[in-house]
Each structure stands twice: as C-alpha cells, then as structure tokens.
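Please look over the sequence and the model first, and then read on.

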Amino acid sequence: MVLENYHVDVDIVESVIKNPNRNDTFASLSNKKLNNTPSHNSSTPPVHLNTRKRIIIPRTENQTTYIKELLQSEMIFGIGPAGTGKSYLAVAGAVDSLLEGKVEKIILCRPAVEAGEKIGFLPGDMKEKVDPFLRPLMDALNDMLPAETVAKKIATGEIEIAPLAFMRGRTLTNAYIILDEAQNTTPTQMKMFLTRLGANSKMVINGDLSQSDLPHGQESGLAHAQKFLKPLKEIPFIEFNESDIVRHHLVSKIISAYNAKATST
C-alpha cells in the first residue's frame, strides 16, 4: 500500500471537517511520515482516497457516498453543479487505484464540443489537441502526483488522454476511465462509451445537466443514460446539489441565483 508508512492526525481531520468556511474543494491533508513505532493517537479517516501527495477525505454526505461508490462499484455516475468535487474526487479515485495496483492505467476522456470544430483540425499532436478540454483533470492529477511522475506515466501510457471519439471500437481492460463533462455527449456517444467497459475496469461518468453545450433541442447523452440506467442497482447515480459546493462560498449562491431565475422563467 502506497501510504502504509504515513498517517493523518485525527484531531487535524476533525478540525478540517468541522470548519465550514474552508474554500478548498475538499479536505486534503499532507502526508506525514512516521517512524517504525505505531502511534496510538493517529489513524486515517474511515472514508478516504490515497494519493502520492495527500489523503483525500469527503466534506459532505454526498461526497462520502460518492467516494464509497468509487471504491466499490464498477460504473459510477456523478451528476451535479460545478464545484461539488465530482471531477477532483474521480481523479483521486483513479490515482488511488493505479498506485494500489488495482488497474494498469488511467484514461481521461472528455467530449470536445466546446471547440466548435473537428478535433482533427486543431493544431498540434493528440495531447496538445485535447489538453485544453482536459485541463481540469490534469490540474487534479498534478495536485496529487509530482509533475515528473505525471509526465512519465503519460509517456509510458499509464495515463492516457483521449477525446471521446477515439474510444470507438476499443475494449478498455484493466483501466480506470473517467468521462468528464458528460452532459455534452449525445445518446449515441454515451452508449458507445459505456459499452467500451472491459474486464477489471472502472468507469466514472461526471456531468452537469444545466451546462450542456449541445445544439438547442439535442438530448444529452447523460440525461438519456440517467433515464434508462438509473433503475439498475449495479450502477449508482450520485446526485450533487448546491449544498455540496465547496469552492468559494459565493459559488453556491451564484448557482442558486441562476437556478432560481431559470425556474421562474
């Protein structure tokens, strides 16, 4: 286990959880190395994810449920507004699984709808083409692993960055696959992606149904999947709301204001 020689002080953990005014997306604690003598005053929190730089613990009830499903389910949907930690926690789960040897690679995927043009016409190699769309996931990776480790794992293929269109025809085995901004998929794209799941793999599908960039009138693949797959007990849908937003305190108020306006019109 990657962090077997590390611990988090319980008092520190409790102080982080009880402080509602923290502005960071999650409660993260730098690892502190122990000597070989076990400490009776320390332990790791019961629900957490291990990464090279820090231990990630949830700050809300929905985040707790989400992390539990990341640890035990093979396919997980996270749906809700920005700032609820969906993407960050999904990446933490991927790093945890890779470092523990549970999977052989991490695959980061996101539809490139925002570009307004075909991915093939964008300048640069594949990484340069999709990097702007996957920057939030890459930022999370760099927050959990040393930059040189991320670069090395990308070079060796242990971390793969690919646009959604490049998933077609593949069977993804021994992998932790994250589809971010899934509200920008079509139903056909979503079905194609979900059916790529292979042996010993996990899929995490995240999105915000209020932020679709699809053409007006086009049904979101995320909404379509929620409608047809939610009855399946093997596929948990974790639905976040404004109370789960753990960015700046104004973010939840801004989202609530926009939602109220949308409801009244």
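Is Asn 174 buried, partly exposed or exposed, given its relative accessibility? At 25% relative accessibility, Asn 174 counts as partly exposed, where buried means under 20% relative accessible area, exposed means over 50%, and partly exposed lies in between (1.4 Å probe, protein chains only).

## The model and its confidence

The structure is a predicted model, in which local features need pLDDT of at least 70 and side-chain atom pairs count only at pLDDT 80 or more, while totals for chains, interfaces and linings use all residues. Residues are numbered from 1 along each chain as its sequence is written, and side-chain values use heavy atoms, with hydrogens and water left out.

The pLDDT, which is the predictor's confidence in each residue on a scale from 0 to 100, has a mean of 80 over the chain, and 72% of the residues reach 70 or more. Over residues 1–42 the pLDDT stays under 50, and the model has 75 contacts beyond four places in sequence for this stretch, a contact being heavy atoms within 4.5 Å. Residues 115–119 also have a pLDDT below 50, and beyond near neighbours in sequence this stretch has seven contacts in the model. Where pLDDT is low, the predicted coordinates should not be read in detail.

Helices (H or I, at least four residues) and strands (E, at least two) are DSSP runs, numbered from the N terminus. Six strands form an open sheet in the order 8-7-9-10-6-11, with parallel pairing, and two strands are said to pair if DSSP finds at least two bridges between them. Strand 8 (159–163) and strand 11 stand at the edges with a single partner strand each, so one side of each is left without a neighbour in the sheet. From one strand to the next the twist averages 15°, where axes are lines fitted to C-alpha atoms, for helices over the stretch in contact, and angles run from 0 to 180 degrees between N-to-C directions.

Strand 7 (residues 105–110) and strand 9 (residues 175–179) run parallel and are joined by five bridges, and Leu 108 stands opposite Ile 178 in strand 9. Strand 10 pairs in the parallel sense with strand 9 over four bridges, with Lys 202 in strand 10 as the bridge partner of Tyr 176. Strand 10 also pairs with strand 6 in the parallel sense, over five bridges, and here Val 204 is the bridge partner of Ile 76.

Strand 10 is mostly covered, since six of its six residues are buried. Lys 202, Val 204 and Asn 206 point one way from the strand, whereas Met 203, Ile 205 and Gly 207 point the other way.

Helix 3 (residues 86–99) packs on the sheet and touches strand 6, strand 7, strand 9 and strand 10 (202–207), and its direction makes about 170° with that of strand 9. Helix 6 (residues 187–194) lies across strand 6, strand 7, strand 9 and strand 10, and runs at about 155° to strand 10.

## Two aromatic pairs

A search of the whole structure finds two aromatic pairs; rings of Phe, Tyr and Trp (its six-membered ring) pair if their centres lie within 6.5 Å, and planes under 30 degrees apart count as stacked, over 60 as edge-to-face and the rest as tilted. The rings of Tyr 66 and Phe 240 have their centres 5.2 Å apart and their planes at 80°, so this pair is edge-to-face. Tyr 66 lies in helix 2 (residues 61–72) and Phe 240 in the loop between strand 11 (237–239) and helix 8 (249–264), so the pair ties together parts that are 174 residues apart in sequence. Both Tyr 66 and Phe 240 are buried.

Phe 77 and Phe 237 form a stacked pair, at 4.3 Å centre to centre and with 10° between the planes. Phe 77 belongs to strand 6 (residues 75–79) and Phe 237 to strand 11, so this pair ties together parts that are 160 residues apart in sequence. Phe 77 counts as buried at 0% relative accessibility, and Phe 237 counts as buried at 11%.

## Positive phi in two loops

Asn 174, found in the loop between strand 8 and strand 9, has a phi near 50°, a positive value in a residue other than glycine. Glu 181, in the loop between strand 9 and helix 6, likewise has a positive phi, of about 55°, although it is not a glycine. At 22% relative accessibility, Glu 181 counts as partly exposed.
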